[in-house]
Amino acid sequence: MCGIIGFTGSDDPFGALLDGLTLLEYRGYDSAGVALVNPSESGGIWRSRAAVRAQSIPELKAAADPPAARAGIGHTRWATHGAPTEKNAHPHLDCRGEVAVVHNGIIENYRELSASLVAGGHTLSSQTDTEVVAHLVEEELAGGAGLFEAVQRCSRRLRGDFALAIVSAGEPDLIVATRQTSPLIVGRAEGLGVVASDISALLETTRELYALEDGQVAAVGPGSVEVVDRDGQPLEPTPIRVSWGVQAARREGYEDFMSKEIHEQPRALADTLIGRVHDGLTEFEELALSDEELASIERVVVIACGSSYHAGYIGAASLEQWARIPAHAEIASEFRYRSPVLDGSTLVVAISQSGETVDTYHALREARRRGGRTLVITNVVDSLMAREADGVLYTRAGPEIGVASTKCHVAQILLVQLFALHLARIRRALPPEEAARLAGAIEALPGLVEEALGKAERYEKVAEELSGVNDVFFLGRNIGYPIALEGALKLKELAYVRAEAYAAGEMKHGPISLIDRHSVAVVVATRGPLWPKLLANIEELRARGATVVAVTDEGDAETAGLVELVLEVPPTEELLTPVVAVVPLQLLAYAVARERGNDVDRPRNLAKVVTVE
Ligand code: M6R
């Protein structure tokens, strides 16, 4: 949540900041702002801010007349403390307009700090938790410290999760950055220094990047990076491995990132498979957990949020069915606070596209604290969570920019299912020929997703029929249930349509009272063992007047004959259905959202990376 960018040593810091903000906007788009360090400006800091939802960057571009400067910081905001107004937009300044601060995260003790600053004569002009930092730095500078030292001292007074980039008029070439939990990257190139919350904003500038660790403070100058801990002890910064190409974070001819990413799914799956299946056997060379350690695991808990949770649910079901190990999935934000019982025989698998989601990150830390073994499945190399766990497996989907997860979601499912097969082999829970057959079926998934994408026009026709609906039920049984959950989440977040997912067997325990002739139900009715029961559930819905849309196996005339609309998908192994069956649901949500004029890459109220609780 929120994007941070900073450049020093640039001939056009304003242009560079706006370009960086455009690449970071997916992290939050309630407002945007930049500050340039310009000694000729009164106070020395020139600032421009705009708060026009998802349009602030063009506003900044159009309105601004930036002065000559060499350094600056920028921010794109997802509002937490204070409404999404220009006044609350970052950067925030101190009383004299000589210090500018951008911030990601939440400073939990800001009320207390603000009270003491006001008592000391400071005037705070926003409702944010961020502004206190500018005034704290102001005090330290007034006491004679340089900016680097001032930030070290201030950061010792802050509680909460934060990433901060700070400039001061007195040191026009310097950006000081620090963090606690919220990630922050610093880097250098010839004559240039950079700071960003996210690697995708820096891919075109430099590959010499370093991840700041908790509590570290960096002085970034033109061509230089110096890192210390909060007590000023020098440290070697941790280099970041950069595997993504520049073009990966561009739309490349697609109308939006979401359609690009939906169509990249076959490649994301194929890349995630590379080197991980040989002659029907799974192989995870990079896994730091040995076969012996994995063999000693007696229980698996999968933790994640949103779409990653749905992938985790599918992973847990696969672990139970194939590896015959007790497994369940939990919402990370709940797991952390319910005092879970864990020990060294429990493997906690955290799934997160970004590797940064604060709920999952803290749940992972809690799992470690309680003695669990940990494994992270993430798309971002060297992300916060990747650095926290005993083992890490990477999906190889490339950067996902659209706020709604698509290609990363399917890659997560594939990878956690491969891991389930791996554990099944280690535990000798499946006959080798059955494990090999399943591995072959997993290897066929990229092709099946390609086939499903070939039916996009037909799915769009179904979406046209549904464009006016405001209430949709998504139903499924067994492995169809998490597919229903994901379909409902996509429709909610993109099309702003109330969509509820239920295990189809639960309908009769209450929700069916909501069904009448205005109701629409999307039923995942592919031909698994529970298919006859789903047909009965469809009959129950139709008897009460509902319009039923069924996700069916290709050519399933029997189910098609029972329902109003059909979303056909190529058939596969029952447990592997989610990767294929989610495709029409993604395209359905996408088309309904477009039909309604919604911004599919930047749905309202959301941000790609959720770094607040
Ligand atoms: O980065 P993560 O996978 O940890 O993110 C988890 C959720 O925030 C994410 O899946 C969210 O639900 C998406 N908007 C779903 O499309």
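A salt bridge is here a side-chain nitrogen of Lys or Arg within 4 Å of a carboxyl oxygen of Asp or Glu. The model is predicted, so that local features need pLDDT of at least 70 and side-chain atom pairs count only at pLDDT 80 or more, whereas totals for chains, interfaces and linings use all residues. Residues are numbered from 1 along each chain as its sequence is written, and side-chain values use heavy atoms, with hydrogens and water left out.

**View A. A network of salt bridges.** Glu293, Arg368, Arg373 and Asp390 are linked to one another in a salt-bridge network. The count of salt bridges by this rule is 37.

**View B. Arginine 70 with aspartate 11.** These two residues form a salt bridge in which the closest N and O atoms are 3.2 Å apart. The pair links distant parts of the chain, 59 residues apart, with arginine 70 in the loop between α2 (56-63) and β4 (71-77) and aspartate 11 in the loop between β1 (3-8) and α1 (13-24); helices (H or I, at least four residues) and strands (E, at least two) are DSSP runs numbered from the N terminus. Arginine 70 is partly exposed at 39% relative accessible area, while aspartate 11 is exposed at 73% (buried means under 20%, exposed over 50%, partly exposed in between, with a 1.4 Å probe and protein chains only).

**View C. Arginine 370 with glutamate 366.** A salt bridge of 2.7 Å, N to O, joins the two side chains. Glutamate 366 is buried, with a relative accessible area of 13%, whereas arginine 370 is partly exposed at 28%.

**View D. Glutamate 434 with arginine 437.** Both residues lie in helix α13 (residues 432-443), three residues apart, or about one turn of the helix, and their side chains meet in a salt bridge of 3.0 Å, N to O.
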